[in-house]
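Trainee: Could you walk me through reading a fold, one feature at a time?

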Amino acid sequence: NIAELKAIYASDYIRGIMIYYGFSLALDYFPIGTGAATFGSVLSLDSPVYNLLGLSRVDFFKDGWCIYDSNLATISGEFGIIGLMLFYFLIPYGIYKSTLAVKGLSARNDKYIQHLMYGVIIFTLLLSITNPVFRYTQVSIVFALTILSLISLSRLKITSK
């Protein structure tokens, strides 16, 4: 798949194409991207952005095949650098801090919860390269259950002390 990225204009690897053009849009429309529902999402079918990029005749974009399989591509194209920063830094940081803030738990006094949260955040960010993380029900449910489990675990640790 990485070899496909060397010749992006001749590639049939849709995720690579989407990531390439997503970052291209993020740079061209710095700092806010092209806007919601314009690139890489279900609602972006027949978007003028695909015409602008010269992709509207490609079957993937004409028929909507797999164009929303990469959350990274969608966020970078639609919401630009600011959207990427919000999604990949502020949202995980907020989830991390809110999980550790349960009843006075802090990162300094509970390394176990801290390491679990790092794992969840890193896994989620890596998964978002190939999946629309918060747009698929299954992934969203697993993510929410993991966060709730960590909160419950932190409460158990506090009450057992």
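Mentor: Along the sequence, the pattern of the protein chain is α-α-α-α-α-α, with six helices and zero strands. Helices (H or I, at least four residues) and strands (E, at least two) are DSSP runs, numbered from the N terminus. This is a predicted model, where local features need pLDDT of at least 70, side-chain atom pairs count only at pLDDT 80 or more, and totals for chains, interfaces and linings use all residues. Residues are numbered from 1 along each chain as its sequence is written, and side-chain values use heavy atoms, with hydrogens and water left out.

Trainee: Which residues of α5 are buried?

Mentor: An α-helix has 3.6 residues a turn, so residues three or four places apart point the same way. In α5, the buried residues (under 20% relative accessible area; exposed is over 50%, partly exposed in between; 1.4 Å probe, protein chains only) are Ile113, Gln114, Met117, Val120, Ile121, Thr124 and Ser128. They fall within an arc of 125° seen down the axis of α5, so they line one face of the helix; the arc is that of the directions from the helix axis to the C-beta atoms. On the other side of α5, His115, Ile122, Phe123 and Leu126 are exposed.

Trainee: Which residues touch the most other members of the largest nonpolar core?

Mentor: In soluble globular proteins, nonpolar side chains tend to be buried together. A nonpolar core is a set of buried Ala, Val, Leu, Ile, Met, Phe, Trp, Tyr and Cys residues joined through side-chain atoms within 4.5 Å. Here the largest has 13 residues, and Ile14, Met18, Phe39, Phe61 and Ile67 touch the most other members. Helix α1 gives the largest share, five residues.
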